[in-house]
Amino acid sequence: MQLPHFSLRTKIILIFLIVIILGGLLSLFFGSRLVKNTIISQAQTKVKHDLASAWMVFNEKLNDIKDIISLTAAREGVQEDIKNNRQDILLKKLNRVREEHGLDILTLTDHKGIVMVRTRNPEVVGDDQSQDEIIKWMLKKDVVVKPQIIPREELLKEGKDLADQAYLEFIPTPKAAPRPENKETSGMMLKAASSIKDENNTILGVLYGGILLNRNYEIVDRVKETVYKGEKYKGRDKGTATIFQHDLRISTNVKNEKNERAIGTRVSKEVNNAVLKEGKPWIDRAFVVSDWYITAYEPIKNIDDKIIGILYVGMLERPYIDTTKRVMLAFTIMASLCVVLLLVILYFSTTRIINPLQKMVVATQEIAKGDLSHEVKVNSKDEIGYLADSFNKMTADLKTANEKLVEWGKTLEKKVEERTKELAEMQAHLFEAEKLASLGKLAAGVAHEINNPLGSILIYSHLLLEDADKKSPHYENLKKVVKETSRCKDIVKSLLEFARPKEPEMSLININEIVETSLSIMVRQALFQNIRLKKMYASPLPKIVADSAQLQQVFTNIILNAAEAMNGNGVLTLSSSLSEEGSYIEVKFSDTGPGIKEEDKKRLFEPFFSTKEVGKGTGLGLAISYSIIQKHQGTIEVKSEAGKGSTFTVKLPVTEEREHE
Ligand SMILES: Nc1ncnc2c1ncn2[C@@H]1O[C@H](COP(=O)(O)OP(=O)(O)O)[C@@H](O)[C@H]1O
Ligand SMILES: [Mg+2]
């Protein structure tokens with residue numbers, strides 16, 4: 001699975017969010033359980049105390065009944081009436097007591113337990129109550145009070161209405177334990193009995209009475225009022241109390257869905273098992289009729305210590321659950337606010353981390369575009385700061401490397417250009433040299449062939465001239481022949497000199513001296529009278545190895561050409577200098593003559609190239625000079641601009657080794 005591309009900030013925040021939410025959920029889960037348990041267990045403790053209070057109310061009622069019975073039994077008149085068998089009076093007296101104190105029954109028996117007066121149902125008398133558990137116990141203890149189950153036939157003796165008050169049909173109850181019966185015909189009574197004795201402590205009779213708890217809500221309502229102050233929650237009683245006869249609700253203020261007292265319903269199976277079967281108190285939540293309650297149940301026992309019912313108090317669980325929920329809601333809201341606050345803090349604190357990184361991203365993009373001068377400005381003294389520093393250092397190094405490369409490229413280009421030019425020049429020179437060489441061969445061949453015949457012509461014409469009469473008309477002609485032949489001989493000599501130059505005779509020479517000697521020979525001529533000389537000799541110059549006579553010939557040629565070009569009028573500049581590296585000496589001859597045409601420049605060093613009129617120039621001067629300089633491993637070059645004059649430059653190598661040969 002491909003994860004979506006999030007920014008670094010989003011990733012950090014997401015991770016934090018996951019951690020926070022996970023932590024929040026866990027603490028919410030455990031927190032809610034803790035809060036719930038704390039609140040519920042506190043409520044549970046309260047209910048436990050409430051049950052004790054309920055017992056007090058219950059026992060108070062028992063004591064009330066006991067007091068009524070014992071006090072009535074102790075009244076003097078009653079003893080007398082029994083002794084005298086005044087049943088009418090007893091009925092009246094006792095009935096008044098019963099009505100005054102709200103007892104359901106109040107009955108008098110004789111000392112054997114045979115009913116004498118039954119205030120509630122005076123017609124039914126004479127039955128034997130001596131087997132009644134409470135009366136049996138009372139005979140040992142004078143006065144006794146206890147809850148007791150009264151069977152229907154006993155209740156019927158007190159009247160059908162009382163039996164009907166006790167009668168309850170079971171109402172199907174969820175979670176209740178199944179029972180074979182479907183109704184309850186007996187009732188539960190708080191019953192007290194007291195003996196009536198004469199002065200001699202002989203038992204005259206037994207007075208017993210009590211109240212039926214079935215459908216009597218006095219105790220449970222008093223518990224509700226005194227313990228729970230009648231508090232309500234959403235229209236329902238918060239606190240409830242119930243008296244069970246066995247597992248059947250006979251007196252309660254727990255309401256069913258129709259908001260009626262839920263008598264006839266039964267206790268849940270769990271409570272039934274714990275309290276009725278095992279005789280243990282039940283203090284826990286329990287499902288009561290239609291709701292969950294925080295409850296406390298304890299068994300009600302009869303005089304034989306047998307469990308006959310249950311006393312219950314309970315509080316609706318809902319208010320506590322709601323409180324828990326409210327607490328948790330408040331907690332959740334607070335936690336959410338904290339998360340929001342954390343996120344805000346996180347957002348701003350990540351900015352401190354992210355910003356330098358973003359700067360670096362921008363910088364890399366700039367650098368990728370070629371802007372190497374871009375610098376990341378991060379001042380933090382942490383890993384990011386170090387990263388930025390290394391980054392800046394890297395770009396700086398990159399920049400210098402790049403600059404070097406560019407420069408190197410430029411010099412390379414320049415060098416290539418220079419070398420190409422040199423190569424082209426060399427090629428041109430080579431071509432020139434070859435051309436001159438072939439021309440030289442031709443010229444040499446011709447010169448060689450005509451040199452001997454010319455010699456013969458010159459000798460014989462000389463002889464003829466010596467013998468000839470000066471007055472003879474042939475004399476002048478002969479003289480011309482001799483002169484022209486001599487000229488031819490000179491040309492041929494020059495030609496041979498050019499074609500087969502003599503090997504130079506090398507010696508250590510001072511070049512400035514050679515230039516001066518050459519010049520001194522020339523300046524005596526009329527041609528130089530109006531020429532101004534400028535001399536710029538570098539001194540001292542290293543001596544070079546050369547043939548001084550041959551060099552003198554070269555310099556004389558160049559100086560003469562310059563003077564002829566200027567037509568005896570102008571400035572001739574002579575200069576000498578050592579090259580920068582000191583490897584050769586340069587001698588320059590600059591004139592202010594007319595200059596050389598571009599097309600002539602190429603042919604300047606060819607033998608017989610001359611622009612001078614026939615008879616004046618042979619065109620061999622520069623050709624010979626060229627071959628001499630070549631023999632010296634030097635070069636001869638010309639620069640000229642039309643109208644501004646020409647400059648001839650002779651370069652000669654300074655060869656240190658030769659110096660020591
Ligand atoms: N300084 C100069 N100024 C102008 N042209 C020159 C100069 N030197 C030489 N020349 C040209 O070069 C040609 C060849 O010279 P060179 O070989 O000495 O032969 P010549 O002097 O016999 O003509 C000359 O005819 C002339 O046209
Ligand atoms: Mg010349």
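Val313 has contacts well beyond its sequence neighbours. Setting aside residues within four places in sequence, Val313 is in contact with Val47, Asp50, Leu51, Ala54, Val223, Val227, Gly239, Thr240, Ala241 and Ala296. Contact means C-beta atoms, placed from the backbone, within 7 Å.

This is a predicted model: local features need pLDDT of at least 70, side-chain atom pairs count only at pLDDT 80 or more, and totals for chains, interfaces and linings use all residues. Residues are numbered from 1 along each chain as its sequence is written, while chains are lettered from A and ligands numbered from 1 in the order written.

Two nonpolar cores are listed below. Such a core is a set of buried Ala, Val, Leu, Ile, Met, Phe, Trp, Tyr and Cys residues joined through C-beta atoms within 7 Å. A residue is buried if 20 or more other C-beta atoms lie within 10 Å of its own.

| Core | Size | Residues, among them |
|---|---|---|
| Largest | 75 residues | Ala54, Ile69, Val223, Val313 |
| Another, apart from it | 39 residues | Ala562, Ala565, Val587, Leu652 |

Helices are DSSP runs (H or I, at least four residues), numbered from the N terminus.

Helix α13 covers residues 548-565 and reaches 26 Å from first C-alpha to last. Its buried residues include Asn561, Ala562 and Ala565. Just after α13, Asn567 takes a positive phi of about 55°.

Ligand 1 is surrounded by 20 residues (C-beta atom within 6 Å). The closest are Asn561, Ala565, Ser610, Gly617 and Gly621. Helix α13 gives the largest share of this shell, four residues.

How values were computed
Buried ≥ 20, exposed ≤ 12 C-beta atoms within 10 Å, placed from the backbone. Contact = placed C-beta atoms within 7 Å. Helix = DSSP H or I, 4+ residues; strand = E, 2+ residues; numbered from the N terminus. Expected span 1.5 Å × (residues − 1).
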